[in-house]
Every structure is written in C-alpha cells, then in structure tokens.
Amino acid sequence: MTWVPVALLAVPALGALVLLAPAAARPRARARLLRGYGLAVSGLTLALAVALAVAFDYGDAGRPQFSTDLSWIPGLDLRFHLGVDGISLPLVVLTALLTFLCFVYLTGHATTRPRALVFTVLVLEVGMIGTFLALDLLLFFVFFEVVLIPMYFVIAVWGGAGRRAAAVKFILYTLLGSVVLLLGLLLIWANTGTLDMVALARAHGDGMSRSVQILAFVAVGVGLAVKTPMWPLHTWLPDAHTEAPTVGSVLLAGVLLKMGTYGFARIAIPVLPEGAAAVAPWLGAFAVVGIIYGALACLAQRDLKRLIAYSSVGHMGFVLLGFATLTPVGINAALFGNVAHGLITGLLFFLAGAVKERYGTADMPALGGGMLARMPRMGSLLTFACVASLGLPGLAGFWGEMLALFGAFQPAAGLSRPLYLTFMAVGGVGTVLTAAYFLVMLSRVTHGSPRPAALPTPIADVRGYELAAWVPLVVLILLFGLWPKALLAITTPAVHTLLGMP
Amino acid sequence: MIVTLAAMATLLPFLAAAAALLGCRWRPATARPTAVGSTAARPTAVDPTAVDPTAVDPTVVGPAAARTTTARTSGTGSPAGHPPDGPEAAGAVAVLARPTLDRAANARAAWIAVVPTAVSAGLAIWLAALWATGASGESAQGTLTVVDTGSLPISFGLEVTGLSVVVGLLVTLVALAVQVYSIGYLADDPRYPSYSAFISLFTSAMLLVIYAGDLLVLYAGWEVMGLCSYLLIGHWWEDRANSRAAIKAFLVTRVGDVGFLFGIFVLGLGAGSFRIADVLARYPEMPTATLIAATMLLLAGVAGKSAQVPLHTWLPDAMAGPTPISALIHAATMVAAGIFVVARLHPVFHAAGLTLDVLAVMAALGMLGAALAALAQDDLKRVLAYSTISQLAYMAAALAAGDDSAAIFHLVTHGAFKALLFLCAGAVIHAVGSNLMSDMGGLRRSMPVTFAAMTVGFAALMGLPPASGFFSKDAVLVAVGGSAGEGALSGAAAWLLYASALATVAVTGAYAMRAWLRTFFGEPPVVALPEPAPGTAHVITGHEAPLSMRLPIIVLALPAAFLGFAGLGELHWDVAVVSVGLALLGAGVVYAVWRADPLADPARLLGPLRGVCERAFHVDTAYELVFVRPVAALARVVVGADAGVVDGAVRGSAKATLRLSGLLRFTQNGNAQLYVSGLLAGVLIIAVGAVVLG
C-alpha cells in the first residue's frame, strides 16, 4: 500500500498534464467533457484517500505509515519522503473531499476558461495533498509553495471585481511569509544536519540550543502564521476570500489555512520544543486577540463573504490557542478544530457563493432579508452552517473550541497558568461574540420579509448539484459532532508521539 | 434495563426530529404583488406537490402581512392564522404569500411529532414504575463509549437517578400535551412540520440533560435546548421583533453558558473526571475554594437558563414565540433545567457555602422584583413570564436553603400549573386575537372550560389549597424559614430570603388576581380590535378553542389541581396559614381596587412605581447602555482599524517597498562587474553567517 501516497499526488498531477494536450471538440461539448474529467480525476483521488483511510492502521496512528523514502537530490541529502499518520490522515481526506466537492459544484456551474480552471484546481490539489504527506522539510516547503501559484491564478482569473489587487496582495503576503519560513527551516537544517521530519521530531530538539530553537520557532511560526492566518498577519485573507470565486474560497478556507496550522503540529512544536515553550504564551496571546478581533470585525461587517472570512480569523484563533497550550488536549483540539473548520467554513463559503450568484451581491443590506421565505432550503442550510460554526455541541465546531478552552484551563507545565486562564476567559467572551455575529447575520439575511422591491423573478432554491456538493459536508459535520471519537481516536496517539509522551 | 429505557426515551424524539426535518417540503414563498385577500374562495383541494403562486389558502395569506405589523407590544407573538391585526396590514400592497398550506404534510408531521413523544412518555412512565419497585438502588448507569481527549476523558453515558425519573416524567408528559395542543394551535401554519420537529429535538435535548451521566454530555443537551429555544422563539421570523427576541434569548443564556462550561472544567479537573457520579463521590476531597469557584461559575449558567437575576431579561421577550412554546420551554421545562442541575449537584453546592448565599440573594431579588413587574404588565404572556421568573426564584430559594426535594417538588407542580396557565392563555389569545389584557374581559361566559382550568392554574400559582402550588410553596417556605434559624445560609441572606419570599406570596396573590379578573371578569372592552383586513382569517373567534387544544388543558388541569397531595404528609399548618393569609391579602387588595372601577387596571395601586415595574426596573435599558452599545461601537472601531491601521501598515509597507525599489533600480544598471561583485558579497555574507551560527 505504500504506493497510495504517491498515487495521491500522481493522479491529480497526471490529470492536469493530460489537459495540456490539445482538444479539438466543440466548445460546449468540451466544457461538458472537462467537467466530467475533473470530477473523475478528483473522484479517483478521493477514492485513493478513502482507501488510505481504510487501510490505515488505527492501532498505530502515532507512527507514519505507507512511507515512501526515495533519494531525490543526493548532493543536498534531499529525500522524497512521504507518509501519513494520525495528524495528516484527516487532512489528506479532507483535502481530497473538498476538491472533489468543488468539482461536483462546478458540474452545474459554467465558468470562463473551464480547461484552465480544471488544470489549476488539480495542480492546487497536488500541492495541498503533498503538503500534508511530505515528511521532509524541504519537500514540505516545495509543496507549500506549489499551492500559492494556482491559488493566485484562481483568484486573479476567476475572481470578482477587485480580483487583481486581492491576488497580488495574497501572493506577496504569503510569499513573504514563506521566505521567513524557509529561513527557519534552513536554520533547523543547519543545526541538525537533517531534513527528515520523522528524525527531527524523534530528536525533540536535540542538537539545537535554546536560542536557536526560539529563533527557528519564531521564523517558522511567522511563516506559518501568515498562512493560518494569525492576527495581525491576516489582512490578505478578507480580500482574497471576498474576491475569490466560490471554489477558491472553499479551498482557501477549507485547506490552505490548515496548511499553516498543520505546520505547527508537524514541524514547529515537535521539532522545536524549547522554542515552542518560550514562544507559546505569545502565540496564545495573539490567538485570543485574533478571536476577539475577528468576532468584533464580523459584528460590523456588511459583506457576507467578508464576514465569513473574518470568522475564520476567530476560529483559527481557537486552533492556535489549542497549540499554544502545548498539552495533548490542546493540540487535539487544534487538529479537531482544523478539520471542523474546513468542513463548516467550506460549507459556509459554498452557501455564500451560491447566495452571491443568485442575488448578484453579498452585501447584506442589499440582500434584504427573508431568505427563509424566498429560498427555504438555502436559508435552512445557512442556519445550520452558522449554528455549527458558532460551536453548538452536537456539531463539529464545538469540540475544537471546547477542548482548546479546556487545554488553556490547564496548560503544559512551565507555562504561566494565570496567563492561560486569562486566555481562556477571553476565549469564552469570544464564543459569545461569535454567536452574536452569526445570529445577527442570520437575522439580517434569513429572517424578516423580503422587501417588495426585491422581488423580481423567483429565485431558484438549492439545485441538485449544489445539494450533492453540500450534503456530504452536512453529514460529516453531524458525524464529527455527535461522534467526536471518530477523529480524536486517530489524533490522540499521534499527538502523544508528537509531544514525546508515552 | 433502566438506562436502556432512558436512552430510548431520549433517542426517539431525536429521530422524530430528524425524520420530520428531512420530510419538510421547504416551499419557497412566492411574490404576490396584489392586495391581501384577493383570493376570495378557499381552494377546495390542495395538491401537495404543486407550487402554484395563485393557490393560496386565505387563512395563511394574512399572517405574513399581519405579523409584520404586530410589533406593538414589544415583540409578542400571535397564534398562526389568527393574528391580531393592525390597521397597517390593509395597506400592504406587495407581500410574500406563504407557500400553499399543505394539510397532508401537517397531518403527517403531527403524527411524526406526537407518536414518538407519546412513546417517550410511556417509556418514562415505565421507567418510573420500575424505579418505584426499587430494583436498581441509588442510580443506574450505562456508558456507550469513552472519548479520550488527551486529558480527562468524556464518557458518553447516561445515569438515571430518582431525581431524573421524576423530572423525566414531567418533561415527557408536558411535551406530549404541548405537541397535541400545537396541532390545533398551528393548524394553519405551513411551517408546522419544522416547528414540531424542533419541539421533538428540544424534548430529546432536555431528556439528555436529565439523564446525562457526564457533565459535558449534560452541557451538550443544555446548549441544544438553547438552540431549540432560539429557533422556536423565532418561529415567526417574518417579524424582526421576534428575530431580535430569539437572538437575545440565545445570547443572554450563552453568556451564562460560558460560565457554566468553565464551571464544568473546574469541577471536572478538581474531581479528575467529568462523570457526575465521580464528581459527587470526590467533591469532599476538593478544596473549598475550588468548590466555590466551580459552583459560582455553574451558577452563571443556571442564572442564564433559569432566567434568574441578573440574566433574566431574555425570558419576557421570549414570549414572542408561539404560546405552546412558552408553555413547554419557557415555563415548564427548559427554564427549570438550571434548578434541576443545582439539585443534581446539590451536595457540591451545599459544600460551597458562599455560593448558596449568592444564590439566596439572587433568588430574593428575583422573586420579588419579577412579581412586582408581573403586577404592572398588560400583556398576559408577559405577566406569566415574570411570574415564571418569580416562581423559579422560589425553587432557587429552596435550593439555597438546602432543601432540594422542596425545590424539585415546586419544580414539578410549577411545571404542571404554569404549562396549564400558558396553554389557557394561548386559548384566550386564540379567541381574542390579542395578547393584551386590556383587550380582554368577561371571557368566563364564552370560554367556560378555559375559565375553569385557568382558575385552577391561578389558584395553584397563588398557593391556595387544595391546588398543587399550595403544598409545594408551603414546602419551599418551610425550608426557607428553617434556614433562617440554622442551615447552610449565613444569617443575613437567610432572613432577606425569608422576608422576600413572604412578601412575594402577597404580590403573587395580587398579580394572579389581577390577571384573572382582567381576563375573565368585567365587561369586554367596548372598542374591540380594529377590523381584520379583508381576506385574512377570522381573527377573533370569541369562543372555546378546538378539541386538540382543549384536551391538553383539561388533562393538565388535573395534576395542577391534585398533584400537591403527594406532599400532604409534610404540610406545616402554621406556615400554610400565614402564606394563604398573605396571598388572600394581596388578592383582596387587588379585588377591592378592581371593584372600585372594573374597567381600570388595578395596577394603578402601584402608584408612581407602576412605570418602573412595567419596564422591569429598566434592567434592559441598562444592559443596552453598558454592553450592547459599547460592543457595537468597538466593532465599528475594529473594522475601521483593520482597514486603516493593520492593513494600512501592510499597504504602507508596499508603498515603502516601491520607493525602496525605486532606489534599488539604480543598482540595476547593466554593469556586469557590479552584479558579480554583489553576488560575491552575498556568498561571503552567507558563509560568514553559516560559520557563526553553525
């Protein structure tokens, strides 16, 4: 089964390559063919990811499985080292799923330049899955960067009115972050002489002095925090989300943000434990500021997509708070929150995109309320997604938030407990504010009577292909909410390994 | 066996809710740019699959338009199909017609709602019967799975105790009564299927709270109840006022719930387990400071959910929901969940003396203040809402005094008689077409059944023998009086509580008497409501409600009247005589004032305090000033700062980079020599860096 991770990369990559071949069919037939093609390739990738999840040895989730370790550039000791463990497996499946659902969504959705879009999204998928599979620092970095270029084009080509500026801001911001990340990775390499993440994680910082670890952690952390995004490095996010097309927003929120937080779990914390211990209080402080800040920004937001983008800042704040506790429960919370946020915010962006497509705007005052009357299914799904996002128990959003707060209640030894209690209290205020902005948004958009002036032709409610793209997300949100063990059982052993606990 | 029964009782309504939600037809409303009521004839047959914009049932055209104009009483709702109608409604030119009323779908939803609830109630009765045989000892536990979180595990399990058996009976039976009642009450509402599904979901969540064996499982049910409350208060979301009331209810309780969650953390970590049985076993080993911190935090959640001072403000506004919801969620069950939790963890609270003092003060303030507010309200449902706050404070008082069985006794009797009062109020509102008592009067002749049932309810509320409230209130007063001598409470708090409890008995008598007189006696107001808009449903039925509504009223009247005899042996005649005397005193004063001028509101006896009481001591205004507006202002500041400062720095750096690159351009002059030397300099710097750092 070791070929599966390689195949997970090869299938979308080859799929993208095939698209370079000239096609002669008439445009309309070609568009239909392309849709089916994208669906097939991403479906095959999803099937591989599911196969991986089925074949995964859950009794040994803390160890990388299905490893492929080939020499890549011998002179630099670079290795093509792939593998999955309990931390990366959920994210790999999530990525494959969201990409597939994006293609499902695209089946009913005509776009300009369909071939380029399918190509771009498939390349994007290679980068995203590769980031989660890579077990070599430089390989990780390569995939991390590979993602940026297609996402730049997704925003810049298929985006809204202000797409160019948003795309440029996105790429410059994240590239700048990547430079810092690369410096941090090289610093680790220079001090340990290896790029193998497994070996580095096993060493738990052996061979690096405390000051080097702190420096490396700050560099790596800043690079990852841009991607996460952590307050105050988040300002590329609202613009990128607002301008990106639906598919772009979904993948951006659902997967790209996770690459930042995944880096914390995979590199920053296990490889640099002393650096993590020194910087964690700062990380926690920025995280809780982000929670409050994101929530307040949402409260006064007019644009639906922008609101959801800012809500990501708050949710990622909870994820970072979980990491900052450096406890198993906190890191579990972060990993759970990662997946839950991918599902919930993915669904939210799908819905926001559909709303924008129908109304022609995502400006809430212009939407004019009454969505439950005009589009009951859409309004109900939006209500569901918002309720999940505000962290209702029984839905996936709850466990990440709750466990992050619980982690902050009892942080790792050596961290200041009063400080973390403050973080917990501030995070608690954040949950109230989160509920506030989602409910106010629901009230503005779904409740009330639609204005008479805003009643042109009837608007189509949720269409078949949309339902097909969204129902899996709804089901998974319910599943992980009602049965959190499904995820926690995979991550807990991996987290223990990562923290060097028995 | 016992746990299986509890699990089935909990799961059934959940499955019913899921089935009903999946079966919803979700028809969009369609644009109707004509005046309300152009459809003169009721369509004879409604094709359930047709989405025809013209086939609109006239009974449901009205509500959409009318309800948007019923915000005259600070967001109180009105029954579907029979809305009190404002004069503005006739002027509405373009409205959204409700989707075609699908009676078949409603009937199907009614079956999906009632049958599982009935089975649940049957299971709860079976459970109680098994329990009564005493086969299972103190408690029965069962764990489905244990979730390892990396720290304390969460056990997904149930635990049935004597307390949960009793409260489970109450919840399932009241839920059943309300489900049946709702069939008639919302007969003309096209959204009845989702409404009944949310009631089923609520029933399931409440049973989860009651039977939970783990604090976090309890919390899950606790929050889902809050969601159902939100969804049902906002059932008529066309009206923004209802939507606002729903948000307020969710947010105010959520503030408390954050404290509740932190309390669970403190308690769980202190005991080393989230299982309630473990917590109850290990609390004696925990330091008092931990216990006080935990219980104080839990108390925040209790205050939010049970609408106690200072988090009580959402409950009166929650009356915007349909009246059956007010009966079930906002009177009989969910608001009692806070009391239930304190009773469930009573030994822990008992060990934290300071918390009990705080609880006593909260209860003392809440019971009297809410009773005074109830005396000044004109909206019948708001009278009952404030009355609920006041009665919940009685339960809290009993808990503070250390007598959890008195609290639960009052919880159960109150659940019965307050649900009865609300269902009667719903019937009255159904008949009159208004929530306001100034629109009522003289209804005893036209609604004899409702009159008789509501009389029983008010008698129980006042604590008059032999109604159930008499016995339970007596038990509470005995407990509170006893704690004034000795007990867990400190002296001052105990005396304050006792004095407040006695004073509240008199005020309760007064407001109950006032509501009773103004609803059923005197003459109907000469100037009735404005004429309903043409084409809307007949707004004012003026007679008894349909059988599906009357039946639950009659059935609930029995326990409201006789349930109290369960506590007959415990009666203390001295306290009983005092409390009945006080209640009659309050009622008598109101009666005297009312006799003097039956058309005027007896609330005038409050004199200058009337306005203050009507506004419930301006707490809402204060919260608006202290919390809501600053947060809104801060949000605007953040948005401004995000664009100006945080992103401004980014854009500023971009500009600076441009300028810098303008300078750098001078180096790009095409001189290869310069390039090579630059390259070498770079390599040198890297090499030095590698040596130094390595």
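Reader: Is Leu326(A) buried or exposed?
Author: A residue is buried if 20 or more other C-beta atoms, placed from the backbone, lie within 10 Å of its own, exposed if 12 or fewer, and partly exposed in between. Leu326(A) has 22 C-beta neighbours inside 10 Å, so Leu326(A) counts as buried.

Reader: What kind of model is this?
Author: Residues are numbered from 1 along each chain as its sequence is written, while chains are lettered from A and ligands numbered from 1 in the order in which they are written. Local features need pLDDT of at least 70, side-chain atom pairs count only at pLDDT 80 or more, and totals for chains, interfaces and linings use all residues, since this is a predicted model.

Reader: Where is Leu326(A) found, and what is its phi?
Author: Leu326(A) sits in the loop between helix H13 (304-325) and helix H14 (328-359) of chain A. Helices (H or I, at least four residues) and strands (E, at least two) are DSSP runs, numbered from the N terminus. Most residues other than glycine have a negative phi. Leu326(A) is not a glycine, yet its phi is positive, at about 60°.

Reader: Are H3(A) and H11(A) roughly parallel or antiparallel to each other?
Author: The axes of helix H3 (residues 88-107) and helix H11 (residues 246-271) of chain A come within 9 Å and cross at roughly 170°. Axes are lines fitted to C-alpha atoms, for helices over the stretch in contact, with angles from 0 to 180 degrees between N-to-C directions. Under 35 degrees counts as roughly parallel, over 145 as roughly antiparallel, 65 to 115 as roughly perpendicular and the rest as oblique. H3(A) and H11(A) are therefore roughly antiparallel.

Reader: How many charged residues does the contact of H3(A) with H11(A) have?
Author: Two residues are in contact if their C-beta atoms, placed from the backbone, lie within 7 Å. Ala, Val, Leu, Ile, Met, Phe, Trp, Tyr, Cys and Pro count as nonpolar, Asp, Glu, Lys and Arg as charged, and the others, Gly among them, as polar. The contact of H3(A) with H11(A) has 11 nonpolar and 4 polar residues, and the number of charged ones is 1.

Reader: Which element gives the most to the side of chain B that touches chain A?
Author: In total, 50 residues of chain B are in contact with 51 residues of chain A. Among the elements that give two or more residues to this side of chain B are helix H6 (215-233), helix H7 (240-271) and helix H24 (619-664). By class, the side has 32 nonpolar, 9 polar and 9 charged residues. The most, 12 residues, comes from H7(B).

Reader: How far apart in space are Pro193(B) and Gly23(B)?
Author: Pro193(B) lies in helix H5 (residues 192-211) of chain B. Beyond four places in sequence, its contacts include Gly23(B), Cys24(B) and Ala109(B). Pro193(B) and Gly23(B) are 170 residues apart in sequence, but C-alpha to C-alpha they are apart by 8.2 Å.

Reader: What is omega for the bond that joins Pro465(B) and Pro466(B)?
Author: Pro466(B) is in the loop between helix H18 (448-462) and helix H19 (468-485) of chain B. The peptide bond from Pro465(B) to Pro466(B) is cis, with omega about 0°.
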